[in-house]
Amino acid sequence: MNMRFNTDDVFAQRIESSIQENVSLATYNTFRFNYSAEYFAIAESLDSLKALLAWANHFQLTVTMIGGGSNLLISADVSGLVILNRLTGISAREHSGNLVSLTVAAGESWHQVVKYAVEQKWYGIENLALIPGTTGAAPVQNIGAYGVEIKDVLARVQVINRNTGDVYWINGRDCGFSYRDSFFKGMWKDVFFITSVELSLKKQAELLLSYGGLSESIGERPSLQAVFDTVCRVRSEKLPDPVVLANSGSFFKNPIVSQAQHSELKERFPNLVSFPFEEGFKLAAGWLIDQAGWRGKQYKGVGVYEKQALVLVNHSETNAAALLELEAKIKRSVLEMYSVELEREPVQLPLCRESQQ
Ligand code: EPU
């Protein structure tokens, strides 16, 4: 690194020497697209994260944080500093009643946290087993599966202000959570990085089995362990393991339509899969894409997963061009067939900064 930064400070010197230039991000995104970061560093503690932010601010570089890279669509080289969040640590506080507070650093693997909670016999996140990615990334898109979303158990989120380095806690209810969305994905994306989360779990049995088919798959004896095992099994059957086949989970959100549009669609497509949601209905985007003939289709080196049409996979591309083309084709065909606009689920990098718009 030829730039100089506060070289009197030994810690700052150490941080500066840990920053690499022109690093491939291929192993840091589960689509495995080979774009590079102008500068790249790993944050293993809050102090090193603060020092990295100070370094980037000193040189007026944009900062991008990556967790597990499993909900990312990188479509160009990323300028500025890319920080890989590897903050670790889990601690629990058991309260006198039914509650347990579980505080988890952002770099911890989400699935390992779920596994740990199930081993401790704490209820609340078992339906969210086997979701790839880190704990800090989970609130950004308000991860959800089998009727549970992280917002349901999220007491607080610890954030660092990327400009000032100040660290503070925000209550879960103030984070603007909605279906696959939060302020972290929207108006806070240029302000905060998540450093830790506090989950509120339960010690007494409370299982949520209402999501289509889950209770039938579990059988006679629903237990915490049975739910965890079943969710792991069902997910492994339906969704590709990103280690084996590059993907980022659901590529589209399930669209929400009005009651009127739903009735119209139901008349034209009596088998339409949909669920009442708020004022209208949520449609299964996987069903729409599947019925439009896309499931299992290949396009250049990418394709639509054969067992779940909501998942786009990368067989052999090193950049995002073919995937973006396939996305456009699917969106067009779904719009023509159902008059429904699909919205992308993963976050695109480089982020579109407010100041650059
Ligand atoms: N379906 C089809 N064809 C397909 C895919 C789905 O007909 O190719 C039908 C299924 O038969 C089912 C319905 O669509 O009747 C819903 O499918 P599924 O239960 O697999 O769930 P999903 O709505 O497609 C959502 C989440 C998943 C989550 C599952 C289970 C979104 C965008 N996706 O998928 O989340 O695991 O529910 O709760 O909400 C993710 O976000 O990456 C993810 C995998």
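**Briefing: sheets, a pocket and selected residues**

Proline 255 is found in the loop that connects strand 13 with strand 14 (256-257). The model is a predicted one. Proline 255 has a relative accessible area of 9% and is therefore buried, the cut-off being under 20%.

**Surroundings of proline 255**
- Beyond its neighbours within four places in sequence, proline 255 makes contact with Phe281, Lys282, Leu283, Ala285, Leu288, Val340, Glu341 and Leu342.
- One of these contacts, leucine 342, is 87 residues from proline 255 in sequence, while the C-alpha to C-alpha distance between proline 255 and leucine 342 is 6.3 Å.

- Three bridges join strand 18 (residues 302-304) to strand 19 (residues 311-314) in the antiparallel sense.
- Within this pairing, glycine 303 has valine 313 of strand 19 as its bridge partner.

- Strand 3 (residues 63-66) is covered on both faces.
- Val63 and Met65 are buried on one side of strand 3, and Thr64 and Ile66 are buried on the other.
- In a regular strand, side chains alternate between the two faces of the sheet.
- Strand 3 pairs with strand 5 (residues 78-85) in the parallel sense, over four bridges.
- Valine 63 is placed opposite leucine 81 of strand 5.

**The second largest pocket**
- The second largest pocket holds about 280 Å³ of space.
- Its lining consists of 15 residues, and those nearest the centre of the pocket are Gly124, Asp152, Val153, Lys202 and Glu206.
- By class, the lining of this pocket has eight nonpolar, three polar and four charged residues.
- Strand 12 (residues 192-202) contributes the most to the lining, with three residues.

**Threonine 230 in helix 5**
- Threonine 230 is located in helix 5 (residues 224-238).
- Its relative accessibility is 5%, so threonine 230 counts as buried.
- Apart from residues up to four places away in sequence, threonine 230 touches Leu214, Ser217 and Ile218.

**Backbone features**
- Asparagine 142, although not a glycine, has a positive phi of about 45°.
- Asparagine 142 sits in the loop between helix 3 (110-119) and strand 8 (144-145), and with a relative accessible area of 0% asparagine 142 is buried.
- Serine 339 is likewise a residue other than glycine with a positive phi, near 55°.
- Serine 339 lies in the loop between helix 8 and strand 20.
- The peptide bond between leucine 349 and proline 350 is cis, with omega about -5°.
- Proline 350 belongs to the segment that follows strand 20 (347-349).

Notes
Residues numbered from 1 in each chain as written. Predicted model: local features only at pLDDT ≥ 70, side-chain atom pairs only at ≥ 80, totals over all residues. Heavy atoms only, no water. Helix = DSSP H or I, 4+ residues; strand = E, 2+ residues; numbered from the N terminus. Buried < 20%, exposed > 50% of the residue type's maximum accessible area, 1.4 Å probe, protein only. Contact = heavy atoms within 4.5 Å. Pairing = 2+ DSSP bridges. 1 Å grid on protein atoms, 1.4 Å probe; cavity = no way out; pocket = protein on both sides within 12 Å on 5 of 7 lines; lining within 4 Å. Points joined across faces, edges and corners; volume = space filled by probe spheres on them. Nonpolar A, V, L, I, M, F, W, Y, C, P; charged D, E, K, R; others polar.
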